[in-house]
Amino acid sequence: MRERNRLHFRMKQLAAAVLLAFLAAFPAQAMAGSPYQGYVYDSLQETPLSINGYLYEDSIDGYDLPTGPLKSPEDIFAAEDDTLYIVDGGNNRVIHLDAEKNVLGVIGDSEGKGQLNSPKGLFVTSEGRVFVADTENRRIAVFNASGEFEKEYPAPQSPLLGKDFIYSPSKIIVDKRGYMFVVSDGAHQGLMQIRPDGTFAGFFGANHVGFSLSRLIIKLIATQEQREQLANVRPPEFSNLYQDKEGFIYTTTLGIRFNQVKRLSAVGVDTLNLEGQENRYGDLYMPRKNWEPLYESFVDLTVDKNGLITALDQTTGKAFQYDKLGNLLFIFGGLGEQDGLFKTPASIDHTSDGTIYIVDRTRNRVDRFRTTPFADKVHEASALYVDGRYDEASKPWHEVLEMNGNYDLANRAIGKALYKAERYKEAMGYFEVARDREGYSQAFLEYRKQFMREYFTEIAAAVVFFLIALRFGLRLYRKKWRKPAKQGGIQWAKGGGAR
């Protein structure tokens with residue numbers, strides 16, 4: 001039975017591989033002209049072909065809008081009503097659009113207090129108030145729902161900041177209390193936390209300088225001057241942030257290889273990457289420049305109602321989507337000139353229907369991506385799986401495998417559902433296909449216990465029968481062989497005596 005299940009899975013994998021190879025050979029017809037090939041990482045960190053989860057639909061560049069073309073757009077925010085706010089940094093304004101690209105308003109005055117200067121980020125509250133990170137003016141500018149200037153928050157003053165601190169707000173979120181969390185370019189101490197009255201409340205969720213053996217050795221043999229230089233090593237700064245419906249603050253960080261994406265609790269503790277863990281986000285095999293591997297540069301992320309994290313990497317131009325548990329679901333995008341590829345991806349957000357919008361600063365536009373039927377099915381199964389409803393998730397995961405037999409996460413999820421249902425033998429088959437050694441070992445251990453309990457009477461009877469048979473066998477052995485041997489010994493003794 002086990003060999004038949006294994007053969008069945010192998011046949012499904014082979015069929016899926018043939019189908020995907022066929023689709024790759026005819027991209028214009030089968031892949032809707034996608035310029036990038038879908039793939040995922042499996043349990044062996046290989047990259048089997050996969051059906052694309054997202055496909056390019058169209059772009060917003062402003063040429064067909066009464067506002068005119070975009071210039072160096074920096075950020076995008078999808079409001080609760082699914083309208084879009086685009087930070088048009090080069091034009092010192094924010095454009096408000098609906099899903100049909102109709103202009104609902106323009107924020108940013110031509111003169112006076114409401115005039116913006118190279119804004120880089122914004123946040124819109126449920127009441128429609130717009131908080132703009134007005135970078136070059138070194139302030140947070142607030143506009144009401146009608147787009148009229150309301151107030152400003154200039155650089156906060158505090159001894160904690162130091163006299164040489166330069167306030168350069170680039171990204172912002174506002175929590176339910178009205179507290180602002182601000183990314184200030186060059187601030188390595190963490191997110192700036194600013195009260196509703198504009199006073200500085202402290203830094204939040206700072207990164208840390210990781211342990212370095214080479215730095216420790218150098219410190220032991222370094223001069224006093226060199227030690228002072230080592231003491232000036234600063235932790236990496238945050239590049240962006242996002243707040244989900246539960247109040248968790250997600251961050252992206254530049255210049256590090258692990259834990260580039262974090263989920264901070266109310267007290268600033270990373271709950272996505274447990275203490276001591278080193279989770280790698282982005283491509284496992286990065287391109288090289290001058291023979292040196294490049295680092296990921298995650299510049300933004302967005303999180304949907306089910307906790308799906310989609311992080312944008314500027315180095316590869318790709319978006320990486322993970323579930324709430326950190327499992328990789330999809331990779332899409334890339335660097336290039338074609339639609340669906342980017343030159344300088346700068347920001348990402350999503351609307352309630354799952355549509356993803358990505359800002360390309362260099363190409364002066366916002367690209368829109370729709371989910372494929374494959375992605376919809378994966379999202380359905382993933383939402384149930386993350387909630388611990390493994391049995392309910394089993395059906396859509398089977399449908400995922402019908403579409404793509406190479407999708408390891410589906411095999412692992414089905415194996416886990418079977419494990420929870422105490423169908424350990426079947427679970428072993430799915431874990432084996434997914435090459436999940438830990439899952440297979442656990443299922444095998446439980447299956448062995450289950451087998452022993454189920455057949456305990458038969459096994460015990462067989463053991464007793466074996467012991468009885470062994471005992472009688474030994475008696476017969478003694479009677480048949482020991483006695484003649486003894487007699488032969490006597491005869492030999494007699495012969496020796498006669499001699």
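1. In what order do the four strands of the open sheet that begins with β2 come, and is the pairing parallel or antiparallel? The order is β2-β3-β4-β5, and the pairing is antiparallel. The edges are taken by β2 (73-78) and β5 (103-107); each has a single partner strand, so one side of each is left without a neighbour in the sheet. On average, and ignoring direction, neighbouring strands here are turned by 20° against each other. Keep in mind throughout that this is a predicted model.

2. Staying with that sheet, have a look at the β4/β5 pair. Strand β4 covers residues 93-97 and pairs with β5 in the antiparallel sense, over four bridges. If you want a spot to check by eye, I95 stands opposite V106 in β5. The loop between β4 and β5 holds K101, and the phi of K101 is near 70°, a positive value in a residue that isn't glycine. As background, most residues other than glycine have a negative phi.

3. N364 sits in the loop between β24 (356-360) and β25 (365-371). Buried or exposed, or something in between? N364 has a relative accessible area of 26%, so it counts as partly exposed; the cut-off for buried is under 20%, and exposed starts over 50%.

4. Four strands form it in the order β10-β11-β12-β13, with antiparallel pairing. The edge strands are β10 (169-174) and β13 (200-204), each of which pairs on one side only. From one strand to the next, the twist averages 25°. Within this sheet, β10 pairs with strand β11 (residues 180-184) in the antiparallel sense, and five bridges link the two. One of the positions to look at is P169, whose bridge partner in β11 is S184.

5. You'll find S34 in the loop between α2 (27-30) and β1 (54-60). Setting aside neighbours within four places in sequence, S34 is in contact with N52 and L55.

6. Helix α10 (residues 456-498) is where L474 lies. With 40% relative accessibility, L474 counts as partly exposed.

7. Finally, the whole-chain numbers. The protein chain has 10 helices and 25 strands. Of its 499 residues, 46% are buried. Among contacts with a separation of 6 or more, 46% are between residues 24 or more positions apart. The chain exposes about 26,700 Å², and carbon and sulfur atoms supply 53% of that area.

Technical notes:
Residues are numbered from 1 along each chain as its sequence is written. This is a predicted model: local features need pLDDT of at least 70, side-chain atom pairs count only at pLDDT 80 or more; totals for chains, interfaces and linings use all residues. Side-chain values use heavy atoms; hydrogens and water are left out. Two strands pair if DSSP finds at least two bridges between them. Axes are lines fitted to C-alpha atoms, for helices over the stretch in contact, and angles run from 0 to 180 degrees between N-to-C directions. Buried means under 20% relative accessible area, exposed over 50%, partly exposed in between (1.4 Å probe, protein chains only). Contact means heavy atoms within 4.5 Å. Accessible areas come from the Shrake-Rupley method with a 1.4 Å probe; for residues, only the protein chains shown count as cover.
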